[in-house]
Amino acid sequence: MSEVYQFDVSLQPDEALKLIREGMTQESELMYEELNDLGAGRMIGTLVYERFYFRSGNQAALVIIVDNLKGTSNVRLIPAGGARGKIFKFDWGAGTDFAASVEQILLKYKHS
């Protein structure tokens, strides 16, 4: 299973997703986007990005989920697909870098 990075932010999910979309580099292609307004101020949104990493020689994907279902907006980053090989899945840090790019975009809104 892929490593999941998560943190809370002081933004509503729709605001966080907008900042991510605006802040991602051109090397990252937005593959899927969804935002569900559940009423009473509760939302859950998903973005899926893809990027080619030369160091791993592979396309890597990043699934971004932001929700405020428990009161605070929680961001979950799930990198996938950056590893080569069927037995040993080693992505040369591509997944961590991909997730870190989103964390950097939201850094000033991140709860410590």
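A residue is called buried when its relative accessible area is under 20%, exposed when that value is over 50%, and partly exposed in between, using a 1.4 Å probe and protein chains only. With that in place, let me present the chain.

This is a predicted model, in which local features need pLDDT of at least 70, side-chain atom pairs count only at pLDDT 80 or more, and totals for chains, interfaces and linings use all residues. Residues are numbered from 1 along each chain as its sequence is written, and side-chain values use heavy atoms, with hydrogens and water left out.

I begin with the overall layout. The chain has two helices and five strands, where helices (H or I, at least four residues) and strands (E, at least two) are DSSP runs numbered from the N terminus. Along the sequence, these elements follow the pattern β-α-β-β-β-β-α. Of the 112 residues in the chain, 33% are buried.

Next, the interior. A nonpolar core is a set of buried Ala, Val, Leu, Ile, Met, Phe, Trp, Tyr and Cys residues joined through side-chain atoms within 4.5 Å. In the largest such core there are 19 residues, and those touching the most other members are Ile-20, Ile-64, Val-75, Leu-77, Val-102 and Leu-106. Two or more residues come from each of β1 (5–9), α1 (13–23), β3 (42–53), β4 (58–67), β5 (73–80) and α2 (94–105). The most is given by β4, with four residues. In soluble globular proteins, nonpolar side chains tend to be buried together.

Leaving aside neighbours within four places in sequence, Val-102 is in contact (heavy atoms within 4.5 Å) with Ile-20, Met-24, Leu-62, Ile-64 and Leu-77.

Let us now turn to two further residues. Beyond neighbours within four places in sequence, the contacts of Ser-73 include Phe-7, Asp-8, Val-9, Pro-13 and Asp-67.

Leu-69 lies in the loop between β4 and β5. With a relative accessible area of 38%, Leu-69 is partly exposed. Again leaving aside neighbours within four places in sequence, Leu-69 is in contact with Leu-38, Arg-42 and Met-43. Leu-69 and Pro-13 are 56 residues apart in sequence, and their C-alpha atoms are 10.0 Å apart in space.
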